[in-house]
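Visitor: I would like to learn how to read a protein model feature by feature. Could you walk me through one?

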Amino acid sequence: MAKLRLFFRKEGRAVYISHLDLLRTFQRVFLRQGLVLKHSQGFHPHPIISFALPLPVGQSSRCEILDFEADGGADWRSLPEKLNDFMPDGIRAVKCCVPVKPVRDLAALSCQVELLYDGGVPEGAAKAVAELLNGESLVIQKRTKRKALADVDIRPMLLRLQPIAEEAGCLRLLADTAAQNPGLNPALLAGAVERYLPQFAPDFVRVQRLEALDTDGNIFQ
């Protein structure tokens, strides 16, 4: 068995596919492609595949990661093209490779957060949002592992924020956020705007992962 890493996109209508349904989707796609995967032991063996940092429902991504073990004779270089023949709309395999670093070295996510306004961006919103997100602290309520709400300062998890771009009906934020231990869901940046700047609360929020980064700031492989 060879350990492999698949990079794929999840966009369009596929953003509404839950993590469990995505798992089932890949199990079926691998089966239809005829790929021999390592299975669990026991009465009901199933393919062992693992997603790095499962994507929240409603968010899109250009850099999703799936680890698995396959028959060593599999042609993994051509695997993405073969898998795409069976993929549902919005999910596309991009690249397959032998893992270079363990998932624990996945340190940050480069993301795009769009704050959308039906009636156009309110005057002064871009400046106010920039000042808020660049402040020394940014405390919001976040659910803990025990499902309770707690005040958490997410500012240390916002690793880098580029100047906010203002377009017709949209404020576009490009940021690098901590990926894990702890990680920051980029949608919480919009949540902070709604909490502290309710007059500039967007009508809709769109979040996209652009790239996964390792501890050295390089593209995670």
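This is a predicted model: local features need pLDDT of at least 70, side-chain atom pairs count only at pLDDT 80 or more; totals for chains, interfaces and linings use all residues.

Visitor: How many salt bridges does a search of the whole structure find?
Guide: The search of the whole structure gives 12.

Visitor: And how many are there between domain 1 and domain 2?
Guide: Start with the bounds: the domain assignment places domain 1 at 2-99 and domain 2 at 104-214. Between these two domains the count is one salt bridge. Glu 64 and Arg 209 also meet through their side chains in a salt bridge, at 3.0 Å from N to O. Six residue pairs are in polar contact between domain 1 and domain 2, both residues being at pLDDT 80 or more. On the side of domain 1 that touches domain 2, strand β3 (residues 60-70) gives the most, with six residues. That side of domain 1 is made up of seven nonpolar, three polar and three charged residues.

Visitor: How much area do domain 1 and domain 2 bury between them?
Guide: The general idea is that interface size is often given as the accessible area lost when the parts come together. Here domain 1 and domain 2 bury about 1000 Å², with 53% of it on carbon and sulfur atoms. Leu 53, Gln 59 and Cys 63 lose the most area on the domain 1 side, together 52% of what that side buries. In terms of contacts, 13 residues of domain 1 meet 12 residues of domain 2. The C-alpha centres of the two domains are 28 Å apart.

Visitor: Is the peptide bond from Asn 181 to Pro 182 cis or trans?
Guide: That bond is cis, with omega near -10 degrees. Pro 182 is in the loop between β10 (170-178) and α4 (187-196).

Visitor: How many aromatic pairs does the count come to?
Guide: The count is five aromatic pairs. One of them joins Phe 26 and Phe 30, a tilted pair with 6.0 Å centre to centre and 45 degrees between the planes. Because Phe 26 and Phe 30 are four residues apart in helix α1 (residues 19-33), about one helical turn separates them.

Visitor: Which residues is Val 94 in contact with, leaving aside its neighbours within four places in sequence?
Guide: They are Phe 7, Phe 8, Arg 9 and Pro 80. Val 94 itself is found in strand β4 (residues 91-97). Val 94 and Pro 80 are 14 residues apart along the chain, yet their C-alpha atoms are separated by 5.9 Å.

Note on methods
Residues are numbered from 1 along each chain as its sequence is written. Side-chain values use heavy atoms; hydrogens and water are left out. Domain bounds come from an automatic or database domain assignment. Contact means heavy atoms within 4.5 Å. Buried area is the accessible area (1.4 Å probe) that two parts lose on being put together, summed over both. A salt bridge is a side-chain nitrogen of Lys or Arg within 4 Å of a carboxyl oxygen of Asp or Glu. A polar contact is a pair of N or O atoms within 3.5 Å; within protein, one must be able to donate a hydrogen and the other to accept it, and residues adjacent in sequence count only if both atoms are side-chain atoms. Helices (H or I, at least four residues) and strands (E, at least two) are DSSP runs, numbered from the N terminus. Ala, Val, Leu, Ile, Met, Phe, Trp, Tyr, Cys and Pro count as nonpolar, Asp, Glu, Lys and Arg as charged, and the others, Gly among them, as polar. Rings of Phe, Tyr and Trp (its six-membered ring) pair if their centres lie within 6.5 Å; planes under 30 degrees apart count as stacked, over 60 as edge-to-face and the rest as tilted.
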